[in-house]
Amino acid sequence: MDAVDDVKYKGNLIYLRQSSFDFVRKHSKTAWRKTPNGRINYPEYNDDAVLEAITNRINS
């Protein structure tokens, strides 16, 4: 199986955390629900949970 987006990051911890978060958001699905005024988007993963997982991985 080939990687969809093979990227390597270098930098300080803050940059790595943000880059990792952006990568996950870019490659995650988004569900949506129609409302009378448009639609509401629901990301596949909760942002707080993603940031916590990334932070935990960086610290280990």
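Asp 6 is found in the segment before α1. This is a predicted model, so let's walk through it from that end of the chain.

How exposed is Asp 6? Its relative accessible area is 68%, and because anything over 50% counts as exposed, Asp 6 falls in that class. Asp 6 sits 13 residues from Ser 19 in sequence, and the C-alpha atoms of the two are 13 Å apart in space.

Further along comes Thr 30, which belongs to strand β1 (residues 30-35). Thr 30 is partly exposed, with a relative accessible area of 48%. If you look back from Thr 30 to Val 7, you go 23 residues along the chain, and the C-alpha atoms of the pair are separated by 22 Å.

Now for the salt bridge. How many are there in the model? The count comes to 1. Its partners are Asp 47 and Arg 25, whose side chains meet at 3.6 Å, N to O. The pair joins distant parts of the chain: Arg 25 is in helix α1 (residues 13-26) and Asp 47 is in helix α2 (residues 47-59), 22 residues apart. As background, side chains of opposite charge can pair when their charged atoms come close.

| Residue | Relative accessible area | Class |
|---|---|---|
| Asp 6 | 68% | exposed |
| Thr 30 | 48% | partly exposed |

On to α2 itself. This helix has 13 residues and runs 18 Å from its first C-alpha to its last, close to the 18 Å expected at 1.5 Å a residue. At the start of α2 there's a contact to look at: a side-chain oxygen of Asn 46 reaches to within 2.8 Å of the backbone nitrogen of Asp 48.

Finally, how do α1 and α2 pack? Their axes are 10 Å apart and meet at an angle of about 135 degrees. As for handedness, α1 passes α2 in a right-handed crossing. Put together, the two helices that pack at about 135 degrees are also the ones linked by the Asp 47 and Arg 25 pair.

Notes. Residues numbered from 1 in each chain as written. Predicted model: local features only at pLDDT ≥ 70, side-chain atom pairs only at ≥ 80, totals over all residues. Heavy atoms only, no water. Salt bridge = Lys/Arg side-chain N within 4 Å of Asp/Glu carboxyl O. Helix = DSSP H or I, 4+ residues; strand = E, 2+ residues; numbered from the N terminus. Expected span 1.5 Å × (residues − 1). Polar contact = N/O pair within 3.5 Å; in protein donor to acceptor, adjacent residues only side chain to side chain. Axes fitted to C-alpha atoms, helices over the stretch in contact; angles between N-to-C directions. Left-handed = near helix turned anticlockwise from the far one by under 90°. Buried < 20%, exposed > 50% of the residue type's maximum accessible area, 1.4 Å probe, protein only.
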